[in-house]
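Welcome! Take a look at the view below, and then we will go through it topic by topic.

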Amino acid sequence: MMNATIELNGLEVQLGNRTILHGLTGVLKSHAIGLLGPNGAGKSTLINTLLGFHSPSKGSARVLGLDSHSNGSALRSLVGYMPENEAFISKMSGVRFVRYMAEISGLPPDQAMERAHEAFVYVGLGEARYRPVGTYSLGMKQLAKLAQAIAHGPKLLILDEPTNGMDPPARKRLIELIREIREASDICLLLSSHLLHDVEETCDEVLILRNGQIASICNLVEERRANRKFLELETIGAEATFTSTLESLGCECAVFSNGRIKVVMPDKVEIREVFKVAADRGVQIRRMNHRRDSLEDIFLNAMEQTGAADGRI
Amino acid sequence: MAVYKRRYNPYSGTLTAQWSRFFVLTRYAFAELFKSRFFVILLILSLVPILFFAGYIFVANNKAVQLLMQMRSAGLFSVENDYFIMMMIAQTQAAFLLNCWVGPVLIAGDLTNGALPLFLSRPFSRADYVLGKLAVLGLLLSAVTWIPGLLLFSLQAGLAGNGWIWSHIWMVVPIMFCSAIWILMLSLISLAVSASVKLRIVATGVIFISFFIPAGFGEMYNSIMGTYWGRLLNFTEMFRLILAKGFRERTGLLGPLSRNEIPVPAAWGVLILVCLLSLVILNARLKAREVVGG
């Protein structure tokens with residue numbers, strides 16, 4: 001069985017007298033986890049707690065099997081962190097900055113130098129590596145932050161709003177990079193973002209927070225698989241024999257007025273078989289929606305459900 | 001792996017010992033410092049008095065040179081406690097100036113653009129961070145205070161011979177301890193200021209103020225209350241008191257000997273208290289900045 005990447009056991013975090021995270025409990029097993037939630041939901045607090053910056057007032061959080069509080073140092077040696085805000089030393093050249101951070105992570109100077117160059121070339125800043133980081137554009141600074149997060153070869157990469165301030169091509173390139181990193185090794189990924197599209201493109205599992213509580217934990221891989229076989233048809237001339245034939249193939253059908261039929265197909269049935277049945281029965285298919293719940297649907301659903309639960313909607 | 005191979009590779013090589021990683025900060029800070037020509041000039045200037053003190057020892061132990069200089073009095077050049085007190089005063093002042101230039105940028109540079117969370121999200125604690133920065137000032141100020149002090153002591157011991165070293169060995173203790181408390185106090189004050197003030201010029205001003213304003217308040221307190229305990233707020237004077245007592249000074253070299261003298265333990269207490277207070281401020285400032293807000 002796959003080990004949990006992140007395990008939350010009644011995690012409660014208080015800052016001052018205010019409770020930010022309210023007894024979060026859940027297990028996230030995927031290698032690429034998205035962290036979603038509106039502003040003030042507790043995403044950054046959760047990340048800071050996982051990094052050991054905040055101590056839980058109750059409960060615990062385990063990352064890669066290590067307790068974030070009692071094994072903080074061991075845990076941080078496995079983590080590469082790309083913070084949301086500006087985080088660099090402006091007068092240092094890019095490659096020196098990344099080398100510096102790699103050495104702090106424990107790499108010997110020569111290895112750190114080599115890895116810093118590799119990381120800079122890898123993120124696409126090879127030409128700018130000898131320029132002071134302070135002179136970089138916002139997008140380049142984001143890439144420099146990513147370079148310092150991966151230079152020491154972490155087991156878990158925590159990315160907090162990685163595409164902030166990037167133009168669409170740069171954003172696309174960064175998302176591709178993140179996917180490449182995820183696929184090129186057994187590195188785990190925790191990505192916090194307001195942009196659902198970024199999370200959808202890079203993550204397999206999503207933790208949705210709202211008001212410091214878990215609104216939903218959703219396995220996107222399973223959702224995608226389930227949704228792939230969900231069809232909405234608008235037909236002319238469909239009779240009971242059409243739906244019964246589909247049902248004999250293993251489909252589940254729901255018939256509505258005006259020839260609208262919803263079909264949930266099992267894995268073994270392909271769409272062309274639906275067309276074949278329609279042709280055999282003389283049924284015209286005027287419209288077909290290959291519908292799937294987007295992450296936006298899942299997110300909005302989670303928001304509505306928790307909103308209803310705490311009496312706001 | 002060659003840099004042109006654009007793919008992500010995990011790292012599986014050796015790692016440095018965790019205890020030694022604080023020194024990475026020190027190494028990088030020194031590398032940055034030595035890029036500044038002004039710093040190099042300042043460092044050289046702060047070592048110039050050592051040449052004069054060394055020359056003095058050479059003359060004091062060389063009869064031929066004394067004859068050449070037509071020195072008739074044999075006791076004119078003596079290397080005793082007064083000599084080392086003067087050396088310590090000169091060098092601790094040089095250390096103060098060096099500290100005013102170097103200290104303010106050590107932490108401010110990391111805080112200006114929010115780099116602190118990057119350090120602390122690694123297996124690197126706040127204590128490691130402070131230790132790394134403290135080591136910069138510790139090594140630098142040592143290089144202009146107790147290290148040349150001991151070298152001069154050794155030079156004198158070597159040239160004087162005749163058991164001079166055994167009759168003066170006790171002076172090693174004040175050279176070391178007085179330098180240590182001065183270096184520690186200066187370093188912690190400037191790191192606390194550096195963690196609180198971004199601009200170097202303002203930070204340097206604050207370091208000066210942190211010495212002169214309390215001393216001024218102390219004098220006011222003495223005048224109003226008709227006491228001498230206000231001198232406790234004059235850190236430089238407290239240091240000189242420790243220096244004078246450490247070197248068994250009896251000649252009034254550091255000011256007239258007074259019956260209303262602050263006890264030496266109280267002077268030590270004040271300097272240690274300043275160190276602790278600076279450490280508390282430093283810790284609070286770093287703790288407030290180590291987390292990225294969201």
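Let's start with one pair of residues: A:Gln14 has A:Thr19, in strand E2 of chain A, as its bridge partner. Please keep in mind that this is a predicted model.

- Strand E1(A), residues 6-15, and E2(A) run antiparallel and are joined by 7 bridges.
- These two belong to an open sheet of 4 strands, ordered E2-E1-E4-E5, with antiparallel pairing.
- At the edges sit E2(A), residues 18-28, and E5(A), residues 66-67, each of which pairs on one side only.

**Where chain A meets chain B**
- Chain A brings 43 residues to the contact, and chain B brings 35 residues.
- On the side of chain A, the elements giving two or more residues include helix H1 (43-50), strand E6 (79-82) and helix H6 (168-184).
- H4(A) supplies the largest share of that side, with 6 residues.
- By class, the chain A side has 19 nonpolar, 15 polar and 9 charged residues.

**Two packed helices in chain B**
- Helix H9(B), residues 172-196, packs against helix H11(B), residues 235-246, at an angle of about 165°, and their axes are 9 Å apart.
- Because of that angle, H9(B) is roughly antiparallel to H11(B).
- The crossing of H9(B) past H11(B) is right-handed.
- Among the residues making this contact are B:Phe177 and B:Trp182 of H9(B), along with B:Phe239 and B:Leu243 of H11(B).
- The contact of these two helices counts 10 nonpolar residues, 1 polar residue and no charged ones.

Notes:
Residues numbered from 1 in each chain as written. Chains lettered and ligands numbered in written order. Predicted model: local features only at pLDDT ≥ 70, side-chain atom pairs only at ≥ 80, totals over all residues. Axes fitted to C-alpha atoms, helices over the stretch in contact; angles between N-to-C directions. Parallel < 35°, antiparallel > 145°, perpendicular 65-115°, else oblique. Left-handed = near helix turned anticlockwise from the far one by under 90°. Contact = placed C-beta atoms within 7 Å. Nonpolar A, V, L, I, M, F, W, Y, C, P; charged D, E, K, R; others polar. Pairing = 2+ DSSP bridges.
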